[in-house]
Amino acid sequence: MTTHAHHDAAAHATPGAHACCTQASNADTAAAVVPSGTVYTCPMHPQIRQIGPGHCPICGMALEPVLPSADVDDSDLHALARRFWISATLTLPVFLGAMGPHVLGWHLPAPWARFAAWTEALLGSVVVLWGGAAFFARGWRSLKPWSPNMYTLIALGTGVAWLYSAVAFAAPGFFPPTFRDTHGSVAVYFESAAVIVVLVLLGDFLELRARRRTGAALRALLGLAPKTARRIAPDGNEHDVPLTDVRVGDVLRVRPGEKVPTDGVVLDGTSHIDESMLTGEPMPVEKSTGDTLAGGTVNRDGALTMRALKVGGATLLAQIVALVAQAQRTKAPLQRVADKVAAWFVPAVVLVAVVAFVAWAAFGPDPKFTHALIAAVSVLIIACPCALGLATPISIMVASGRGAQAGVLFRDAAAIEALRDIDTLVVDKTGTLTEGRPALRTLHALGGFDEARALALAAALERPSEHPLARAIVAGAEERGVAIPKAEDFAAPTGRGVRGRIDGRAVALGNAKLMDEVGARLDATARERADTLRGEGATVMFLAIDGVPAALIAVADRIKPSTPEAIRRLHAAGLRIVMLTGDNATTAQAVARALGIDEVHADVSPVDKANAVARLKSEGRRVAMAGDGINDAPALAAADVGIAMGSGTDVAMESARVTLVKGDLTAILRARALSRSTVRNIHQNLFFAFVYNVIGVPIAAGALYPAFGIVLSPMIAALAMSLSSLSVVTNALRLRRVRL
């Protein structure tokens with residue numbers, strides 16, 4: 001996937017997006033691990049893109065690489081853990097020294113009390129100014145594009161508490177008597193500011209560690225690719241080479257138990273390939289000469305020789321990873337709810353904090369200013385919109401990875417949400433309901449001719465042709481072990497069939513017009529038999545030898561084995577199935593009858609397909625379109641959700657918002673189940689976030705004090721804020737275990 005980036009992209013970001021919570025990261029370490037030139041983006045604001053690590057100017061979140069790596073870089077996690085433990089160690093004596101007199105009622109003698117006060121001030125300042133340095137930096141940066149976020153509130157809350165404490169400690173004489181407690185001292189809050197910083201660091205650490213698990217599915221996919229490949233040189237020698245050295249056209253050997261190194265085609269050998277990590281299907285697939293292989297799949301038994309057709313970023317595995325990574329960076333429509341709230345949330349919280357401060361200063365108990373400061377800081381800390389910012393993106397990240405494991409690739413978050421409401425499924429016939437490869441269905445000998453001999457002569461005529469029907473007859477003869485003779489004087493009359501001489505005999509294979517031309521008179525029985533086969537969806541050709549009807553041959557595009565059960569289950573799920581196909585009406589109706597399709601439109605062009613989708617949408621239906629060909633691309637783009645079969649063309653996949661890796665309709669059921677679970681999970685997260693703030697902010701402001709005498713400590717507010725974010729991440733991670 002080609003990525004365009006610019007160092008100054010962040011400077012042009014749109015302000016006013018929602019706030020979010022994240023970790024403190026070690027940018028210098030990350031730069032040393034990630035290759036130079038790597039493009040980074042914000043997980044919550046994908047429009048922010050730059051080369052190299054940094055922080056989002058909108059929300060303060062540490063930027064992440066656009067494309068993930070199989071090697072997990074935990075340097076930022078280790079740095080955050082180290083900062084947390086150092087800060088927690090320094091905060092413990094500060095907390096014990098400050099709370100001891102209040103809890104235990106003991107007071108140190110004057111010299112020791114002064115030493116304890118200095119210790120509290122110094123250690124608390126180190127924790128706030130060093131441990132919370134990232135919070136202040138991000139809070140300040142948020143003011144430049146005027147996009148206040150959680151760090152704005154944290155920096156404001158801890159900064160006010162620390163600055164007030166520093167002045168009160170260094171120059172207590174500046175404060176009037178109303179600021180003093182019963183002992184005549186001006187209260188300081190170094191311990192509150194330090195504990196808040198430690199709790200926010202703890203919350204960030206737990207959140208980052210949990211978020212790392214959201215990328216487990218992608219890393220599992222990336223880990224499928226082997227590090228080396230065994231290349232066969234033109235002289236027959238074999239050597240193991242790094243996978244990065246493999247080029248298109250290289251001949252490779254894949255031994256039993258090894259992973260297929262890259263996408264290619266089997267040149268020699270037969271084996272069973274485990275494709276479960278790409279398709280979600282547990283049964284190994286038999287592969288032999290001419291079959292395609294996907295890099296990263298596992299060769300179970302036989303030895304294979306293959307030719308590399310795609311390498312690097314062009315492989316199916318790389319495209320899957322890029323598609324999932326792209327989906328994880330997009331916003332679902334539900335996110336608009338959080339964005340609208342976030343636009344006024346932080347200013348509203350600051351206003352509430354100011355009102356709480358004024359109310360306590362005017363009407364609260366003595367010392368009034370102290371209680372006012374506690375209430376204001378508690379409101380600022382507890383209202384951090386971390387959980388609100390994470391509610392939707394974290395669920396989308398987990399769902400995208402879970403879908404990749406099940407063989408369902410979402411291009412964007414909107415597709416995950418939209419699929420839940422689909423009530424009509426429009427399908428193409430060839431390649432979607434059927435295998436897309438015509439196959440010999442039956443051969444009926446006429447006039448006492450031998451069936452094997454008739455098939456041999458038909459295959460001999462068709463061997464020079466590249467037409468799909470011709471290839472089906474030749475393949476059918478080869479599967480039956482029929483020896484195919486050589487044809488001479490080959491001719492292909494336009495629109496009628498093929499003619500030639502084989503072993504001195506005149507042979508013709510084609511439609512009824514060609515039979516009339518060579519003088520082969522078809523009786524009523526043969527014509528009725530042909531009509532019956534056509535009614536069943538087959539294409540019928542007649543074979544004549546020396547002007548005498550010898551056989552009728554039926555070729556049909558077989559319905560995929562999984563299609564009947566998929567259609568039954570889709571109907572059971574309440575979906576109306578509509579088939580649009582460019583094939584003739586007879587064949588289309590035959591397939592529709594066999595599968596129980598609700599509505600059929602045959603002989604339609606690509607434009608007709610798109611118009612049919614538009615008509616269904618105008619009737620108020622929520623339409624998904626499943627197809628695999630270039631002719632399906634307009635309809636895929638017109639549908640509410642376009643679904644490309646992974647076995648189809650690149651154009652179809654580019655036009656669709658969902659790709660089924662295996663090209664099996666049953667995957668639509670898995671995708672729909674995942675969509676419903678994801679939307680439900682997002683609703684739960686948004687509920688947690690909103691309810692938390694609706695309840696927490698009034699309590700922090702002191703709403704319970706008049707009736708119950710309860711005042712919320714800033715430290716408890718910080719703990720509640722951290723736990724709210726962790727609850728949202730933990731709830732989203734449940735999607736990894738959802739049954740599809």
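These legends go with a set of close-up views of a predicted model.

**View 1. The whole protein, before zooming in.** With 740 residues in the protein, 51% of them count as buried.

View 2. Skip the residues up to four places away in sequence, and Ile-643 still touches Leu-419, Leu-636, Leu-660, Val-658 and Ile-668, among others. Also among its partners are Ala-624, Met-625, Ala-626 and Gly-627, along with Ala-656.

**View 3. Helix α20 against helix α25.** Helix α20 spans residues 563-572 and packs on α25 at an angle of about 35°, the two axes lying 8 Å apart. From α20 come Ala-566, Arg-569 and Leu-570, which meet Thr-666, Ile-668 and Leu-669 of α25. Sorted by class, that contact has four nonpolar residues, one polar and one charged. Ile-668 also shows up among the residues that Ile-643 touches.

**View 4. Further along α25, at Ala-673.** Ala-673 sits in helix α25. Its relative accessible area is 26%, so Ala-673 is partly exposed, given that buried means under 20% and exposed over 50%. Arg-739 is 66 residues away along the chain, yet its C-alpha and that of Ala-673 are separated by 8.2 Å.

**View 5. The buried side of helix α4.** In α4, residues 133-141, the buried residues include Ala-134, Phe-135, Arg-138 and Gly-139. Why do they end up on the same side of α4? Because they cover an arc of only 130° around the axis.

**View 6. Thr-158 in helix α5.** Thr-158 belongs to helix α5, residues 150-170. Thr-158 counts as buried because its relative accessibility is 1%. Neighbours within four places in sequence aside, Thr-158 is in contact with Phe-136, Ala-193, Ile-196, Val-197 and Ile-381.

**View 7. Ala-372 in helix α11.** Ala-372 lies in α11, which covers residues 368-382. With 0% relative accessibility, Ala-372 counts as buried. Leave out its neighbours within four places in sequence, and Ala-372 is in contact with Phe-357, Trp-360 and Ala-361. The C-alpha atoms of Ala-372 and Ala-361 are 5.3 Å apart, with the two residues eleven apart in sequence.

**View 8. Two aspartates with positive phi.** Asp-489 has a positive phi of about 55° even though it is not a glycine. Asp-489 lies in strand β16, residues 488-491, and counts as exposed at 59% relative accessibility. Asp-546, again not a glycine, also has a positive phi of about 55°. Asp-546 is in the loop between β19 (539-545) and β20 (548-559). Is Asp-546 exposed or partly exposed? With a relative accessible area of 40%, Asp-546 is partly exposed.

Definitions and conventions:
Residues numbered from 1 in each chain as written. Predicted model: local features only at pLDDT ≥ 70, side-chain atom pairs only at ≥ 80, totals over all residues. Heavy atoms only, no water. Contact = heavy atoms within 4.5 Å. Buried < 20%, exposed > 50% of the residue type's maximum accessible area, 1.4 Å probe, protein only. Axes fitted to C-alpha atoms, helices over the stretch in contact; angles between N-to-C directions. Helix = DSSP H or I, 4+ residues; strand = E, 2+ residues; numbered from the N terminus. Nonpolar A, V, L, I, M, F, W, Y, C, P; charged D, E, K, R; others polar. Arc of directions from axis to C-beta.
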